[in-house]
Amino acid sequence: MDSSSSVKIVSKCFVKPKTIPEESKQPYYLSPWDYAMLSVQYIQKGLLFHKPPLDSIDTLLEKLKDSLAVTLVHFYPLAGRLSSLTTENPKSYSVFVDCNDSPGAGFIYATSDLCVEDIVSPKYVPSIVQSFFDHHKAVNHDGHTMSLLSVQVTELVDGIFIGLSMNHAMGDGTAFWKFFTAWSEIFQGQESNKNDDLCLKNPPVLKRYIPEGYGPLFSLPYSHPDEFIRTYESPILKERMFCFSSETIKLLKTKVNQICGTTSISSFQSLTAVIWRCITRARRLPLDRETSCRVAADNRGRMYPPLHKDYFGNCLSALRTAAKAGELLENDLGFAALKVHQAVAEHTSEKVSQMIDQWLKSPYIYHIDRLFEPMSVMMGSSPRFNKYGCEFGMGKGVTLRSGYAHKFDGKVSAYPGREGGGSIDLEVCLVPEFMEALESDEEFMSLVSL
């Protein structure tokens, strides 16, 4: 790839919902889960497509904008802006979404002299991919002045990249991919029947979770954002995609359950155990050094009563397990797998309720540099999301990529493999020294499909 390659912004505009829902005229309140996200970064994920035959790129852009406007009718809070109410005595800082005083969601058209192969062929994800997303390094509190959702469509020589940046206070990964999927569904529907008033198969449940007896407006014990907003800079990282075939995943799950004498350890828990163990070995930690592993868990079905599966918002926990490096490496893979499985199995509705109660008694804000310990592993995203189902009339995406946000040494994001069938792709971020050691790890690389 030519080092002079760049991404050029051609145009910017805003897109509003095609019709204004009556409920959007009222403040849209946030839940405790959402408040906790105010100081972390936007979710940035996107899909790369082969460029279809086009009469004009302008036609595709107009279709994307038209379908986005219809989609925003169903997801109208994403077209709003954050707004705050503050008091000095006592200190109080409350946040909600104002859908009236906003130009809408962002829409950017950009071009690049890169080709699809320039993105998928290099061993490491090129840093220029970060330029395929808007709101670079923004934190969610910036949604007071920045759009809560921004779409960037980057035209490559032979490809189209659609990158979404969504304010994480508005929703978690489940919510993000629900929106992406709905937008694609509406795009495809407009292509086939020209119906602008499309109904979604599974519309989002927008009413936020507010614990009984509280809200609807919560407050933080601060009077100014400087007291709780912290910016985060990623270290210099190597970022690489590792692919695991469906057959490899099945064999790994079978092996782990046989070692442990059970049938209850999932494919993803088995793979998590492998990556935790192998990254720990790559880091050459002292044997008595504790290392932790966290797994992102969706709480919708774990709450009592459970939230609707289509609940749009944040409903997420990062489940933690830990062990001494020596324990992890001197025992077999089953030791790590059982630790991960136990953390998931013990995450009950009671645990979720305790977390909510704790926040209500003493509200807190997540900060990336404090949330995850050094030398930890964090498994984010999920291979369960139907990410390759988002096609926009261009066929199945070539690959998935993410932006700058939420990346640190030991961050791993799980995607469904493009081949389907239970295959999994892992986006692994490590400092160069540890990445080189992981690539030399026989246990790990024997599982990777090159």
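Q: Which residues does Phe392 touch, not counting residues up to four places away in sequence?
A: In this predicted model, Phe392 touches Phe49, Leu64, Ile162, Phe180, Trp183, Ser184, Phe187 and Gln188, once residues up to four places away in sequence are set aside.

Q: How should I read the largest nonpolar core, and which residues have the most contacts inside it?
A: The general idea is that in soluble globular proteins nonpolar side chains tend to be buried together. Here the largest nonpolar core has 96 residues, and those with the most contacts inside it are Ile162, Phe179, Phe180, Trp183 and Phe392. Helix 4, residues 173–193, gives the most to this core, with 9 residues. At least three residues of the core come from each of domain 1 (8–227) and domain 2 (238–447). There is also a second, separate core of 40 residues, which includes Ile279, Val412, Phe434 and Val448.

Q: In what order do the 6 strands of the open sheet lie, and which strands stand at the edges?
A: The order is 1-6-7-8-3-13, and the pairing in this open sheet is mixed. Strand 1 (7–15) and strand 13 (399–402) stand at the edges, and because each has a single partner strand, one side of each is left without a neighbour in the sheet. On average, neighbouring strands of this sheet are turned by 20° against each other, with direction ignored.

Q: Which strands does helix 2 lie across?
A: Helix 2, residues 57–74, lies across strand 1, strand 6 (105–112), strand 7 and strand 8, and runs at about 160° to strand 6.

Q: How do strand 4 and strand 5 pair, and what joins them?
A: As a general idea, side chains in a regular strand alternate between the two faces of the sheet. In this case strand 4 (residues 81–87) pairs with strand 5 in the antiparallel sense over 7 bridges, and a hairpin joins the two through 4 residues.

Q: Is Ser92 buried or exposed?
A: Ser92, which is in strand 5 (residues 92–98), has a relative accessible area of 15% and is therefore buried, since buried means under 20%. Leaving aside neighbours within four places in sequence, Ser92 is in contact with Leu85, Thr86, Thr87, Ser219, Leu220, Tyr222 and Ser223.

How values were computed:
Residues are numbered from 1 along each chain as its sequence is written. This is a predicted model: local features need pLDDT of at least 70, side-chain atom pairs count only at pLDDT 80 or more; totals for chains, interfaces and linings use all residues. Side-chain values use heavy atoms; hydrogens and water are left out. Buried means under 20% relative accessible area, exposed over 50%, partly exposed in between (1.4 Å probe, protein chains only). Contact means heavy atoms within 4.5 Å. Two strands pair if DSSP finds at least two bridges between them. Axes are lines fitted to C-alpha atoms, for helices over the stretch in contact, and angles run from 0 to 180 degrees between N-to-C directions. A nonpolar core is a set of buried Ala, Val, Leu, Ile, Met, Phe, Trp, Tyr and Cys residues joined through side-chain atoms within 4.5 Å. Domain bounds come from an automatic or database domain assignment.
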